[in-house]
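Welcome! Please take a look at the structure below, and then let the notes that follow guide you through it, topic by topic.

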Amino acid sequence: MSPLLFMAQRLTAFVLALAVSAHLATILYAVRGGLSAGEILARTHGNVAFMLFYGVFVVAVAIHAPIGLRSIIREWTPWRGRTLDLALVLFSLFLLALGFRAVYAVYA
Amino acid sequence: MRASHTQRGFIAAMLHRLSGIALAIFLPLHFLALATALNGANALDAFLELTRQPLVKFAEWGIVVALAVHMTLGLRVLAIEFFDFHEKTLAALSVCVAAVFAVGFVFILNAG
């Protein structure tokens, strides 16, 4: 793994360790008093701080997951080179797009 | 069995990878599910109703455990690489923390 990918993987791991912990706290808050969609959305809509937090979460995941998958695929299969890197860049963009859409749906 | 398979940390590394693959598959589905809120609370409610089915509950539990395992084993890697922790201590610690997180996550899921 290149030094840049290695550092990106580790840096996002630190971010995700914090983000997952905060995510748990958010789930606790969201389900308090019942898990109906109306109640959840009433608490989340318009919350800019949470929208930014989950935006960072999505970016960290979109960097972290493809780099991890790249290592696994390179080690367990013969697939490598530019086509693999391109596929993982596309997967990263896919996660970014779906992730931002979800954040928008819940917090905007 | 290859020599590397008997090395300390192999099972931890394998679990870390398998849980990571599971999360990579789950994440897009999770994002798609949350985005149903774009169609209003009723659409999200219809999805939440689906999550009350036993099979979905079981899959949910599996992904929660995968998240707990992946996060804990990731912290193990960071501790070994950046803080010079000893492998043996960490193996025990990883199992304990993973168990705590798994139980905690499942509890949270059932809180609703």
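**A first look at the two chains**

Along its sequence, chain B shows the pattern α-α-α-α. Please keep in mind as you read that this is a predicted model. Chain B holds 4 helices and 0 strands, and 28 residues of chain A are in contact with 24 residues of chain B.

**Chain B as a whole**

- Chain B has 112 residues, and buried ones make up 23% of them.
- Take the contacts in chain B between residues at least 6 apart in sequence: 69% of these join residues at least 24 apart.

**Where the chains meet**

- Sorted by class, the side of chain A that touches chain B has 21 nonpolar, 5 polar and 2 charged residues.

**The largest nonpolar core**

- The largest nonpolar core has 37 residues, and those touching the most other members are A:V61, A:A102, A:V106, B:L34, B:A37 and B:A68.
- From chain A, the elements giving two or more residues to this core include helix 1 (3-31), helix 2 (37-44), helix 3 (48-76) and helix 4 (82-107).
- From chain B, the elements giving two or more residues include helix 1 (10-34), helix 3 (54-83) and helix 4 (87-110).
- Helix 3 of chain A gives the most to this core, with 9 residues.
- As background, nonpolar side chains in soluble globular proteins tend to be buried together.
- Leaving aside residues up to four places away in sequence, A:V106 touches A:L41 and A:T44 as well as B:L34 and B:A37.

**Helix 1 and helix 3 within chain B**

- The axes of helix 1 of chain B and helix 3 of chain B come within 8 Å and cross at roughly 130°.
- Helix 1 of chain B and helix 3 of chain B are therefore oblique to each other, and helix 1 of chain B passes helix 3 of chain B in a left-handed crossing.
- On the helix 1 side of chain B, the contact is made by B:A12, B:L15, B:H16, B:S19, B:G20, B:A22, B:L23 and B:F26.
- On the helix 3 side of chain B, the residues making the contact are B:I63, B:A66, B:L67, B:V69, B:H70, B:L73, B:G74 and B:R76.
- By class, this contact of helix 1 of chain B with helix 3 of chain B has 10 nonpolar, 5 polar and 1 charged residues.

- B:S19 sits in helix 1 of chain B, and it counts as buried because it has 23 C-beta neighbours inside 10 Å.
- Not counting residues up to four places away in sequence, B:S19 touches B:A66, B:V69 and B:H70.
- B:S19 and B:G62 are 43 residues apart along the chain, and their C-alpha atoms are separated by 9.6 Å.
- B:V69 belongs to helix 3 of chain B and is buried, with 25 other C-beta atoms within 10 Å.
- Again not counting residues up to four places away in sequence, B:V69 touches B:L15, B:S19 and B:A98.

- Helix 3 of chain A and helix 1 of chain B have axes that come within 10 Å and cross at roughly 130°, and that makes helix 3 of chain A oblique to helix 1 of chain B.
- Helix 3 of chain A passes helix 1 of chain B in a left-handed crossing.
- A:V61, A:A65, A:G68, A:L69 and A:I72 of helix 3 of chain A make this contact with B:R17, B:G20, B:I21, B:A24 and B:L27 of helix 1 of chain B.
- The residues of this contact of helix 3 of chain A with helix 1 of chain B divide into 7 nonpolar, 2 polar and 1 charged.
- For helix 2 of chain A and helix 2 (residues 41-50) of chain B, the axes come within 8 Å and cross at roughly 125°.
- Helix 2 of chain A passes helix 2 of chain B in a right-handed crossing.
- Here A:A37, A:G38 and A:L41 of chain A meet B:A41, B:L44, B:D45 and B:L48 of chain B.

Key:
Residues numbered from 1 in each chain as written. Chains lettered and ligands numbered in written order. Predicted model: local features only at pLDDT ≥ 70, side-chain atom pairs only at ≥ 80, totals over all residues. Core = buried A, V, L, I, M, F, W, Y, C linked by C-beta atoms within 7 Å. Buried ≥ 20, exposed ≤ 12 C-beta atoms within 10 Å, placed from the backbone. Contact = placed C-beta atoms within 7 Å. Nonpolar A, V, L, I, M, F, W, Y, C, P; charged D, E, K, R; others polar. Axes fitted to C-alpha atoms, helices over the stretch in contact; angles between N-to-C directions. Parallel < 35°, antiparallel > 145°, perpendicular 65-115°, else oblique. Left-handed = near helix turned anticlockwise from the far one by under 90°.
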